[in-house]
Amino acid sequence: MVKERARILVVGGGYVGMYTALRLQRKLKQELGRGEAEITVVTPDPYMTYQPFLPEAAAGSISPRHVVVPLRRVLPHCRVVVGEVTAVDHAKRTATLTTLATEEEGTGPRQLTYDELVLAPGSISRTLPIPGLADFAIGFKTVEEAIGLRNHVIEQMDIASSTRDPAIRDAALTFVFVGGGYAGVEALGELEDMARYTTRYYHNIQPDDLKWILVEASDRILPEVGPDLGRYTVSELRRRNIDVRLDTRLESCADRVAVLSDGARFPTRTVVWTAGVKPHPLLAATDLPLTDRGRLKCTPELTVDGATHAWAAGDAAAVPDVTAAEPGSQTAPNAQHAVRQAKVLADNIARSLRGEPLQTYSHKYVGSVASLGLHKGVAHVYGRKLKGYPAWFMHRAYHLSRVPTFNRKARVLAEWTLSGLFKREIVSLGSLEHPRAEFELAAGGKPSDESSGDPKGSS
Ligand SMILES: Cc1cc2nc3c(=O)[nH]c(=O)nc-3n(C[C@H](O)[C@H](O)[C@H](O)COP(=O)(O)OP(=O)(O)OC[C@H]3O[C@@H](n4cnc5c(N)ncnc54)[C@H](O)[C@@H]3O)c2cc1C
């Protein structure tokens, strides 16, 4: 029997949050019947970000609007609340939340009660106490960071082109990336490719004047595609004159000098930190059980272990990998699992509302694809290994098939087609980040912090 109007709270509007709400919304219409359950999605941004497209957005191959999915449009039968959950008292079935309105009203956080909780706030960058990191580095997890970094790289080329000081020029043209997982390698590969192309429009910058450095603490990069393709990627990047340093750590970036554990020092205005993720801090502000690494302890049915009516999946959840040979293994924090877990999670909520037995999540990782710039890539999928153009093509075909909604697919495909016919976009729109600066100057005031703010790493 379906419970009277179950209130389902989904925390997070990313992969897990959006796909869970989408499926629940459909079930609500088709099976559960309207009025029997209501879904509220709380998320800081009114859109879901398709993160695998961020490197291409940074390179200008896809425009930022098409990397995100508007939640209000795809979830018309859910209540979308733009805000942040700051704590959860599951014993009392209550979440504490702040929204733009609560800030404006100054009334303090609001309480939201629920019957079923889906906790999917994802992960945040895993940082270390490295001098200068918080002041000068930038991450690569959001569309704002990807576009900010694109603008910043082009801006550095403008600085280098116009300065007479060789030290400023050298620092402007030096780009340090820390972390050799797919976020770091793809971001570096795409941006290097874009910047190399862009040099043709500068009379005094040659491609070899740009210095790109990839710093990785372990002895390999791109573990997602396996050791062979990881080694190939290192040699491919080095062939492009990218300085790949394995078994090396960033020790400091204070005073805009990147100091590495092998003793190298690089004056630079760009440090991109992509050295892994850690569970979202919200998880620690709940009364739900966590693992040693801070992820939510989950069952293979995607319930939170020992807590009734609490569900989790994706980067925030430690879900047992029932397909792994090694006992105690957990599913990796990636989109492949997040999307599939969301489907099982939504089905299990519906089953639980109807008093039916729950399904177990089981998916064997099928491999990965990665782009290393235009027409370059590596792919290891279903045991098949591809390099270069075929891998890049597979990367695009795979992600086109995966990006949510027909609308996004059509727009992304149109952009790729157009960029194949015309030249690359090479403009920096960094001033978009300070829209009031010009007017403030015209009005005789001093630029405010908001308009003259220096986004991390951008000056
Ligand atoms: C650059 C990049 C490239 C990637 N490429 C790939 C790839 O090629 N293949 C792959 O499998 N994986 C890839 N990933 C990883 C993949 O994107 C993540 O594993 C996936 O997004 C996890 O889904 P999630 O729903 O757990 O978290 P997310 O998708 O990050 O969603 C979390 C959501 O919670 C929201 N949130 C945060 N705090 C709160 C709060 N306090 N209250 C409410 N909501 C909150 C966030 O705003 C966000 O909407 C990539 C990641 C990055 C950064």
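Which residue just after α9 takes a positive phi? The close-up views below answer this and look at several other spots in a predicted model. Residues are numbered from 1 along each chain as its sequence is written, and side-chain values use heavy atoms, with hydrogens and water left out. Because the model is predicted, local features need pLDDT of at least 70 and side-chain atom pairs count only at pLDDT 80 or more, while totals for chains, interfaces and linings use all residues.

**View 1. Helix α9 and the residue that follows.** Helix α9 covers residues 227-239; helices (H or I, at least four residues) and strands (E, at least two) are DSSP runs, numbered from the N terminus. The expected span is 1.5 Å times one less than the number of residues. Buried residues in α9 are L229, G230, Y232, T233, V234, E236 and L237. Here buried means under 20% relative accessible area, exposed means over 50%, and partly exposed lies in between (1.4 Å probe, protein chains only). An α-helix has 3.6 residues a turn, so residues three or four places apart point the same way. Just after α9 comes N241, with a positive phi of about 75°.

**View 2. The three-stranded sheet around β15.** The strands of this open sheet follow the order β14-β15-β16, with antiparallel pairing. β14 (250-252) and β16 (265-267) each have a single partner strand, so one side of each edge strand has no neighbour in the sheet. From one strand to the next, the twist averages 35°; axes are lines fitted to C-alpha atoms, for helices over the stretch in contact, and angles run from 0 to 180 degrees between N-to-C directions. Two bridges join β14 to β15 (residues 257-260), and two strands pair if DSSP finds at least two bridges between them. L250 is found in β14, and its bridge partner in β15 is L260. L250 counts as buried, at 6% relative accessibility. From L250 to A285, 35 residues apart along the chain, the C-alpha separation is 31 Å.

View 3. Is D247 buried or exposed? D247 is exposed, with a relative accessible area of 55%, and sits in the loop between β13 (243-245) and β14. Its phi is positive, near 50°, in a residue other than glycine. Most residues other than glycine have a negative phi. A275 lies in the loop between β17 (270-273) and β18 (277-279) and is buried, at 18% relative accessible area. A275 and L128 are 147 residues apart in sequence, yet their C-alpha atoms are 9.4 Å apart in space.

View 4. Six bridges pair β22 and β23 in the antiparallel sense, and V369 stands opposite A379 in β23. Two residues separate these strands in the hairpin, where H375 has a positive phi near 70°. H375 belongs to the loop between β22 (367-373) and β23 (376-381) and counts as partly exposed, at 42% relative accessibility. Moving on, β23 pairs with β24 (residues 384-387) over four bridges, again antiparallel. A379 has L386 as its bridge partner in β24. This hairpin has two residues between its strands, and Y382 takes a positive phi near 50°.

**View 5. Helix α11.** The 15 residues of α11 (residues 388-402) reach 21 Å from first C-alpha to last, close to the 21 Å expected at 1.5 Å a residue. Among the buried residues of α11 are W392, H395, R396 and H399.

**View 6. The seven-stranded sheet.** This open sheet runs in the order β7-β6-β5-β2-β1-β8-β20, with mixed pairing. At its edges stand β7 (110-113) and β20 (310-312), each with a single partner strand, so one side of each is left without a neighbour in the sheet. The twist averages 40° from one strand to the next. Strands β1 (residues 6-11) and β2 (residues 37-43) run parallel and are joined by six bridges. L9 has T40 as its bridge partner in β2.
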